[in-house]
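Visitor: I would like to learn how to read salt bridges in a protein model. Could you walk me through some?

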Amino acid sequence: MSTSINNITIRKAETTKIDSVDFENLAFGNIFTDHMLVCDYKNGAWGNPVIQPYAPFLLDPSAKVFHYGQAIFEGMKAYKDTDDDIWLFRPDQNFERFNKSAVRLAMPEVPETVFIDGLKQLIATDKEWVKNGTDSSLYIRPFMIATEAGVTASPAQSYRFMIILSPAKSYYSGEVKVTIAEHYSRAANGGIGAAKAAGNYSGQFYPTKLANEKGFQQIIWTDDTTHTTLEEAGTMNVFFRINDTLYTAPTSERILDGITRKSLIDLAKRENINIEVRPVLVNELLEAANNGTLKEIFGAGTAAVVSPISGFNYRDNYYELPKQENSIASQLKQKLNAIQYKLAEDTFNWTVKI
């Protein structure tokens, strides 16, 4: 059956696979809901979005996404409160960042009526997949790829924007040990580090593999020229607590403007936690580790929200962080989750009801 709401065509799946899903044992990002949103850009204009059954689709082998890497994405979540209402968290920020990424990769900007309205309608269509409980959420992956056929080295003339949904449990990464980068770089000035481009992530896989082989789960990336300034941790923004002050790097052409990052900064300010947004030097971290003033390091991102780091390696020296009761990382995560699940007042007006 096909219906239309606000120029969004909805083609419902004949059957649902929800009954075959074990929602208590979900591997992150492996199970997807019954429907997806698709919207194509051709002849200089966006068509009307379609919500249709989740399924593979065909692309020409010469599609430019395969050859020149025009691919961007976002990561978001939806949450269900105790009244069974579903909420998005700061979707306007994801929308704005998505289009900044599009501009940087010479791709067309996606209209708000497609991105935001389409997302809301897609979640409403698959609302049964959003489960109750503060350990459950719906991970949202909007993305866009170049679909034009041909291997000419130039921006494509046709694109496909899509949104897919994946039920998720709380993301526990266990004890995270990291190593500080001395040679490889995540991004460079003038590059695409501030865009959520697919190629940013593939470029990290090899140095991360080398780190894994040495017993470290992630890398703390440093600046590309001197490797003396701390920037990100794996695929997350990173915070450092020295004494009772939090430090995190400012955004730049190399550092992603993380939505969890900026939310934690605002929360810290509201809670009167000392926080400084400024470049943090490797030598500062080493000095703090050696004199006992380094208390915490944690990553911040959509999937894990906050990911505490237990220790770091630099030039074959390993520094274990002290165990913290009532850590700032856990405090901020609890307060952010409380807003996302509507268990606390949203004083920032970050949440948007579906």
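Predicted model: local features only at pLDDT ≥ 70, side-chain atom pairs only at ≥ 80, totals over all residues.

Visitor: How many salt bridges does a search of the whole structure find?

Guide: The search gives 18 salt bridges.

Visitor: Where in the chain do glutamate 74 and arginine 97 lie?

Guide: Their side chains form a salt bridge at 2.7 Å, N to O. This pair ties together distant parts of the chain, 23 residues apart: glutamate 74 is in the loop between strand 6 (71–73) and strand 7 (76–80), and arginine 97 is in helix 2 (residues 91–104). Glutamate 74 and arginine 97 are both buried.

Visitor: And which helix holds lysine 209 and glutamate 213?

Guide: Both belong to helix 4 (residues 198–213), four residues apart, or about one turn of the helix.

Visitor: Why is glutamate 213 called exposed?

Guide: Because its relative accessible area is 54%, and exposed means over 50%. Lysine 209, at 44%, is partly exposed.

Visitor: What about aspartate 224 and arginine 254: buried or exposed, or in between?

Guide: Aspartate 224 has 23% relative accessibility, so it counts as partly exposed. Arginine 254 has 15%, so it counts as buried, the cut-off for buried being under 20%. The two side chains meet in a salt bridge of 4.0 Å, N to O.

Visitor: Which residues are linked in a network of salt bridges?

Guide: Glu24, Asp135 and Lys169 are joined in such a network.

Conventions
Residues numbered from 1 in each chain as written. Heavy atoms only, no water. Helix = DSSP H or I, 4+ residues; strand = E, 2+ residues; numbered from the N terminus. Buried < 20%, exposed > 50% of the residue type's maximum accessible area, 1.4 Å probe, protein only.
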